[in-house]
Amino acid sequence: QLLLVESGGGLVQPGGSLRLSCAASGFTLDNYAIGWFRQAPGKEREGVSCISSSSSNTIYADSVKGRFTISRDNAKNTVYLQMNSLKPEDTAVYYCATRRYYCSANVRPVGYDYWGQGTQVTVSS
(Lines give C-alpha, C1' and ligand atoms only; values in the text may rest on other atoms or scores of the structure.)
Protein backbone atom coordinates (compact mmCIF):
# COMPACT_ATOMS: atom_id res chain seq x y z
CA GLN A 1 0.00 0.00 0.00
CA LEU A 2 1.45 3.31 -1.14
CA LEU A 3 0.54 6.56 0.56
CA LEU A 4 1.76 10.14 0.29
CA VAL A 5 0.67 12.77 2.79
CA GLU A 6 1.30 16.49 2.38
CA SER A 7 1.32 18.80 5.37
CA GLY A 8 2.41 22.28 6.35
CA GLY A 9 -0.10 24.36 4.46
CA GLY A 10 -2.04 27.20 5.99
CA LEU A 11 -2.77 30.90 5.89
CA VAL A 12 0.17 33.28 5.58
CA GLN A 13 0.57 36.97 4.77
CA PRO A 14 2.27 38.12 1.59
CA GLY A 15 6.02 37.98 2.06
CA GLY A 16 5.74 35.20 4.60
CA SER A 17 7.04 31.66 4.52
CA LEU A 18 5.79 28.11 4.80
CA ARG A 19 7.47 24.75 4.64
CA LEU A 20 5.51 21.92 3.10
CA SER A 21 6.29 18.29 3.81
CA CYS A 22 5.58 15.20 1.72
CA ALA A 23 5.84 12.03 3.77
CA ALA A 24 5.64 8.52 2.37
CA SER A 25 4.39 5.35 3.99
CA GLY A 26 4.28 1.85 2.61
CA PHE A 27 7.27 2.46 0.36
CA THR A 28 10.65 4.14 0.31
CA LEU A 29 11.07 7.45 -1.48
CA ASP A 30 14.74 7.10 -2.28
CA ASN A 31 14.06 5.40 -5.63
CA TYR A 32 11.70 8.13 -6.80
CA ALA A 33 11.84 11.62 -8.09
CA ILE A 34 9.33 13.79 -6.25
CA GLY A 35 7.42 16.63 -7.82
CA TRP A 36 5.43 19.42 -6.22
CA PHE A 37 2.38 20.69 -8.07
CA ARG A 38 -0.33 23.19 -7.34
CA GLN A 39 -3.83 23.92 -8.51
CA ALA A 40 -5.80 27.09 -7.93
CA PRO A 41 -9.56 27.33 -8.44
CA GLY A 42 -10.41 27.58 -12.12
CA LYS A 43 -6.84 26.88 -13.22
CA GLU A 44 -5.03 23.82 -14.48
CA ARG A 45 -2.63 21.92 -12.30
CA GLU A 46 0.90 23.21 -12.77
CA GLY A 47 4.31 21.96 -11.83
CA VAL A 48 6.14 23.90 -9.13
CA SER A 49 9.34 21.99 -8.44
CA CYS A 50 10.90 18.55 -8.65
CA ILE A 51 13.87 16.75 -7.14
CA SER A 52 15.47 13.65 -8.61
CA SER A 53 15.86 10.43 -6.66
CA SER A 54 19.56 11.11 -6.15
CA SER A 55 19.00 14.81 -5.37
CA SER A 56 21.43 15.54 -8.19
CA ASN A 57 18.86 17.55 -10.11
CA THR A 58 16.29 20.08 -9.02
CA ILE A 59 13.83 21.96 -11.18
CA TYR A 60 11.76 25.05 -10.44
CA ALA A 61 9.02 26.78 -12.31
CA ASP A 62 9.96 30.29 -13.36
CA SER A 63 7.22 31.69 -11.16
CA VAL A 64 8.84 30.33 -7.98
CA LYS A 65 12.53 30.31 -8.86
CA GLY A 66 14.56 32.10 -6.23
CA ARG A 67 11.76 31.90 -3.68
CA PHE A 68 11.12 28.16 -3.25
CA THR A 69 13.62 25.44 -2.37
CA ILE A 70 13.02 21.71 -2.69
CA SER A 71 14.95 19.18 -0.62
CA ARG A 72 14.69 15.63 0.59
CA ASP A 73 15.65 13.65 3.66
CA ASN A 74 15.60 10.02 2.68
CA ALA A 75 16.29 8.92 6.24
CA LYS A 76 12.95 10.48 7.18
CA ASN A 77 11.28 9.35 3.95
CA THR A 78 10.20 12.93 3.42
CA VAL A 79 10.52 15.65 0.80
CA TYR A 80 10.19 19.34 1.65
CA LEU A 81 9.26 22.50 -0.17
CA GLN A 82 10.45 25.65 1.56
CA MET A 83 8.40 28.59 0.30
CA ASN A 84 9.63 32.11 1.00
CA SER A 85 8.47 35.54 -0.12
CA LEU A 86 5.02 34.19 -0.74
CA LYS A 87 2.66 36.05 -3.04
CA PRO A 88 -1.13 35.95 -3.29
CA GLU A 89 -0.78 34.20 -6.65
CA ASP A 90 0.87 31.29 -4.83
CA THR A 91 -2.51 30.47 -3.30
CA ALA A 92 -3.46 26.95 -4.32
CA VAL A 93 -3.75 23.37 -3.19
CA TYR A 94 -0.27 21.88 -3.27
CA TYR A 95 0.33 18.24 -4.12
CA CYS A 96 3.36 16.00 -4.12
CA ALA A 97 3.76 13.03 -6.43
CA THR A 98 6.27 10.28 -7.23
CA ARG A 99 8.01 9.49 -10.49
CA ARG A 100 10.50 6.80 -11.52
CA TYR A 101 13.31 7.92 -11.46
CA TYR A 102 13.76 11.35 -12.98
CA CYS A 103 11.87 14.60 -12.98
CA SER A 104 9.72 15.41 -15.96
CA ALA A 105 10.91 18.26 -18.14
CA ASN A 106 9.57 21.57 -16.87
CA VAL A 107 7.81 19.62 -14.11
CA ARG A 108 5.06 18.67 -16.50
CA PRO A 109 2.39 16.66 -14.63
CA VAL A 110 3.00 13.51 -16.66
CA GLY A 111 4.31 10.15 -15.56
CA TYR A 112 3.73 10.67 -11.85
CA ASP A 113 2.20 7.52 -10.42
CA TYR A 114 1.26 8.31 -6.84
CA TRP A 115 -0.23 11.51 -5.53
CA GLY A 116 -1.00 12.88 -2.12
CA GLN A 117 -4.29 14.41 -1.07
CA GLY A 118 -3.03 17.98 -1.18
CA THR A 119 -2.58 20.74 1.36
CA GLN A 120 -4.10 24.21 1.08
CA VAL A 121 -1.83 27.25 0.94
CA THR A 122 -3.51 30.64 1.19
CA VAL A 123 -1.49 33.84 0.89
CA SER A 124 -3.58 36.80 1.93
CA SER A 125 -3.54 39.79 4.22
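View 1. Cys22 has a relative accessible area of 0%, so Cys22 counts as buried (under 20% relative accessible area, with exposed meaning over 50% and partly exposed in between, for a 1.4 Å probe and protein chains only). The model is predicted, so local features need pLDDT of at least 70 and side-chain atom pairs count only at pLDDT 80 or more, while totals for chains, interfaces and linings use all residues. Residues are numbered from 1 along each chain as its sequence is written, and side-chain values use heavy atoms, leaving out hydrogens and water.

**View 2. The disulfide between Cys22 and Cys96.** Here the S to S distance is 2.1 Å (a disulfide is a pair of cysteine sulfur atoms within 2.5 Å). Distant parts of the chain are linked, with Cys22 in strand β3 (residues 18-25) and Cys96 in strand β9 (residues 92-99), 74 residues apart. Strands (E, at least two residues) are DSSP runs, numbered from the N terminus. The S-S torsion is about 75 degrees, so this disulfide is right-handed. Cys96 is buried too, at a relative accessible area of 0%.

**View 3. The disulfide between Cys50 and Cys103.** Take a look at this pair, where the sulfurs lie 2.2 Å apart. Cys50 sits in strand β5 (residues 46-51) and Cys103 in the loop between β9 and β10 (114-115), 53 residues apart, so to speak distant parts of the chain. With a torsion of about -90 degrees about the S-S bond, the disulfide is left-handed. Both Cys50 and Cys103 are buried.

**View 4. Both disulfides together.** Searching the whole structure turns up two disulfides. Counting bonded cysteines along the chain, their pattern is 1-3, 2-4.

Conventions:
Helix = DSSP H or I, 4+ residues; strand = E, 2+ residues; numbered from the N terminus.
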